[in-house]
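Dear colleague,

I am passing on the structure that follows, together with some notes on what was found in it. Please read the notes with the model open beside you.

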Amino acid sequence: MPTLRIERPHGDAMLEDWRFVHNTVIPTGPLSLDDVRERSRRNHLEVAYLGDAVVGCTTVRPPTGEDATATVIARVLPGHREQGFGTALYTRGMDRAREMGAAAVETVVLASNSEGLRFAGARGFVEVERYVLPGDTIAYVTLRLPST
């Protein structure tokens with residue numbers, strides 16, 4: 001039985017895998033390989049594989065602002081949801097955000113992604129903002145973990 005493997009992308013093939021997951025989960029905001037290369041320089045990206053099959057990816061944006069808020073986004077391809085992969089990705093992303101010095105954590109989910117919104121809500125995230133990017137018609141939802 002294949003095991004889940006999560007690692008930072010090294011090389012264009014893995015960046016393409018990250019891009020594939022991103023563009024599948026967020027079809028309203030497709031990225032080019034150059035976009036992903038640029039993101040990999042400023043954010044912590046990881047790709048998840050089950051055996052040789054890509055199943056998900058994460059983005060951890062470093063903490064910013066006075067409250068040191070990091071953004072942790074876990075994405076899982078639709079055919080691989082409800083199998084614990086999102087939880088594994090989310091846990092690693094949260095660990096990385098803490099290592100980066102995050103005092104607060106947010107996530108961003110496409111409003112049409114009801115599974116993603118449910119996933120975030122089940123982990124305690126609450127909605128703080130909705131916005132639509134220029135040229136888009138579907139909102140992004142920013143959710144935040146309440147302070148403990």
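Contact here means heavy atoms within 4.5 Å. With that in mind, and not counting residues up to four places away in sequence, Arg-75 touches Trp-18, Val-21, His-22, Val-25, Ile-26, Val-55, Gly-56, Cys-57, Thr-58, Thr-59 and Leu-89.

A word on the basis of these notes: this is a predicted model, in which local features need pLDDT of at least 70 and side-chain atom pairs count only at pLDDT 80 or more, whereas totals for chains, interfaces and linings use all residues. Residues are numbered from 1 along each chain as its sequence is written, and side-chain values use heavy atoms, with hydrogens and water left out.

Arg-75 has its place in strand β4; helices (H or I, at least four residues) and strands (E, at least two) are DSSP runs, numbered from the N terminus. Arg-75 counts as buried because its relative accessibility is 4%, where buried means under 20% relative accessible area, exposed over 50%, and partly exposed in between (1.4 Å probe, protein chains only). Between Arg-75 and Thr-59 there are 16 residues of separation in sequence and 8.6 Å in space, taken C-alpha to C-alpha.

The nonpolar cores

A nonpolar core is taken as a set of buried Ala, Val, Leu, Ile, Met, Phe, Trp, Tyr and Cys residues joined through side-chain atoms within 4.5 Å. The largest such core has 19 residues, and those with the most contacts inside it are Trp-18, Val-21, Val-36 and Val-54. Two or more residues of this core come from each of α1 (12-25), α2 (33-42), β2 (44-50), β3 (53-64) and β5 (104-110), with α1 giving the largest share, 5 residues. Another core, of 13 residues, lies apart from it and includes Ala-70, Tyr-90, Ala-120 and Phe-125. Returning to Trp-18, and again not counting residues up to four places away in sequence, this residue touches Leu-31, Val-36, Arg-39, Leu-45, Glu-46, Val-47, Cys-57, Thr-58, Thr-59 and Arg-75.

Strand β7

Which residues of β7 are buried on one side, and which on the other? Tyr-140, Thr-142 and Arg-144 are buried on one side and Val-141 and Leu-143 on the other, so that both faces of the strand are covered, and 5 of its 5 residues are buried. Two strands are said to pair if DSSP finds at least two bridges between them. β5 and β7 run antiparallel and are joined by 5 bridges, Val-109 having Val-141 as its bridge partner in β7. Strand β6 (residues 126-131) is also antiparallel to β7, with 5 bridges joining them, and here Glu-127 stands opposite Leu-143. Thr-142, which lies in β7 (residues 140-144), counts as buried because its relative accessibility is 6%. Leaving aside neighbours within four places in sequence, Thr-142 is in contact with Glu-106, Thr-107, Val-108, Val-126, Glu-127, Val-128, Glu-129 and Tyr-131.

Grid points are joined across faces, edges and corners, and a volume is the space filled by probe spheres set on the points. The largest pocket has a volume of about 740 Å³. Of the 38 residues that line it, Ile-73, Ala-74, Arg-75, Val-109 and Asn-113 are the closest to its centre. The elements giving two or more residues to this lining are α1, β4, α3, β5 and α4 (114-122), and the largest share, 6 residues, comes from α4. By class, the lining of the largest pocket divides into 19 nonpolar, 10 polar and 9 charged residues, with Ala, Val, Leu, Ile, Met, Phe, Trp, Tyr, Cys and Pro counted as nonpolar, Asp, Glu, Lys and Arg as charged, and the others, Gly among them, as polar.

Two backbone details

Ala-68, in the loop between β3 and β4 (69-76), has a phi near 50°, a positive value in a residue other than glycine. Glu-82, found in the loop between β4 and α3 (85-99), likewise has a positive phi, of about 65°, although it is not a glycine. Glu-82 counts as exposed because its relative accessibility is 74%.

With best wishes

Terms used: 1 Å grid on protein atoms, 1.4 Å probe; cavity = no way out; pocket = protein on both sides within 12 Å on 5 of 7 lines; lining within 4 Å.
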